[in-house]
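Hi,

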Amino acid sequence: MWPYPRILAHRGGGTLAPENTYAGLRCGMQAGFRAIEFDVMLARDGVPVLMHDPGLGRTVKGSGSVFEHDAGDLVAMDAGAWFGPAFVGEPVPLFTEFARRCREQGVWMNIEIKPAPGFEAETGAVVAALAADLFAAELAAGDMARVPLLSSFSDVALASARLAAPQLPRACLISALGPDWELRARALDAVAIHTNHQHLGPQMARAVKETGLGLFCYTVNDPGRARTLLDWGVDAFCTDRIDLIGPDFA
């Protein structure tokens, strides 16, 4: 059974605000969302920040790689100007501060562990340990519906997260489900499969659901497609089009 919200705002505000920022979080909340997906990567000093790309330049002004800068330097960079003049000066969030704000606002989190190449194990361990510490009370009370779900394309990162915080739920991110998807999920004690909806059909959706695993899709921006996926038994999905697909769509 999927205990989490069913419709998530992708990276905070979808297409309406710069991704992985406080502005994105506010935008999603203003649209009624109380569940978001976002990406976390380690800075050079081992401090996790919200970031999707390992290289600077697309969403954050700067050059080089994220792991060539300390977190304090990244926080001072502009993560909003690329999106529009209204967001100039939007900072790169520190993961702990961002997650704490989500918790305070009652916003559930799908935290994608997005390690820079070569930092898979370290990123998984750091993010999991910090998340477990932040949600220690919920974990102790068994209130798992409020505890964040960790996901990653990196099995190494997820295995490291399991060692650091085995009590936190994990999900395997797999773009297209090959013959080993269930084996990978079981090896990591995952609770769900997260997959690209473009590669999913009704038979595969049924196969995943028959194993008892949760099934989550990214990134669903067409309401018709969203309805089809839900009809197939998909438990949840994230969307960029929070203006077309609201939090109560399911």
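One definition before we start: a crossing of two helices is right-handed when the near helix is turned clockwise from the far one by less than a right angle, and left-handed when the near helix is turned anticlockwise. Please also keep in mind that this is a predicted model.

Let's begin with helix 1 (residues 22–30) and helix 3 (residues 95–105), whose axes lie 11 Å apart at an angle of about 15°. Because an angle under 35 degrees counts as roughly parallel, helix 1 is roughly parallel to helix 3. Helix 1 crosses helix 3 in the right-handed sense. On the helix 1 side, the contact is made by Y22, L25, R26 and M29, and helix 3 contributes E97, F98, R101, C102 and Q105. Sorted by class, this contact of helix 1 with helix 3 has five nonpolar, one polar and three charged residues.

Helix 3 also packs against helix 4: their axes come within 11 Å and cross at roughly 35°. The crossing of helix 3 and helix 4 is again right-handed. Here F95, T96, A99, R100 and R103 of helix 3 meet V127, L130, A131 and L134 of helix 4. The residues in this contact divide into six nonpolar, one polar and two charged.

Next comes helix 4 (residues 120–134) with helix 6 (residues 155–164), where the axes come within 7 Å and cross at roughly 40°. That angle makes helix 4 oblique to helix 6. The handedness of the crossing between helix 4 and helix 6 is right-handed too. Which residues make the contact between helix 4 and helix 6? From helix 4 they are E120, A121, G124, A125, A128 and A129, and from helix 6 they are V156, A157, S160, A161 and A164. By class, helix 4 and helix 6 bring together eight nonpolar, two polar and one charged residues.

How many cavities of 30 Å³ or more does the structure hold? There is one, and the space in the largest cavity comes to about 70 Å³. Its lining is formed by E19, N20, L50, M51, H52, D53, R58, T59, V60, A79 and V92.

Best wishes

Terms used
Residues are numbered from 1 along each chain as its sequence is written. This is a predicted model: local features need pLDDT of at least 70, side-chain atom pairs count only at pLDDT 80 or more; totals for chains, interfaces and linings use all residues. Side-chain values use heavy atoms; hydrogens and water are left out. Axes are lines fitted to C-alpha atoms, for helices over the stretch in contact, and angles run from 0 to 180 degrees between N-to-C directions. Helices (H or I, at least four residues) and strands (E, at least two) are DSSP runs, numbered from the N terminus. Angles under 35 degrees count as roughly parallel, over 145 as roughly antiparallel, 65 to 115 as roughly perpendicular and the rest as oblique. Contact means heavy atoms within 4.5 Å. Ala, Val, Leu, Ile, Met, Phe, Trp, Tyr, Cys and Pro count as nonpolar, Asp, Glu, Lys and Arg as charged, and the others, Gly among them, as polar. On a 1 Å grid over the protein atoms alone, a cavity is a set of points where a 1.4 Å probe fits but cannot get out, and a pocket is an open set with protein on both sides within 12 Å along at least five of seven lines; lining residues have an atom within 4 Å of a point. Grid points are joined across faces, edges and corners, and a volume is the space filled by probe spheres set on the points.
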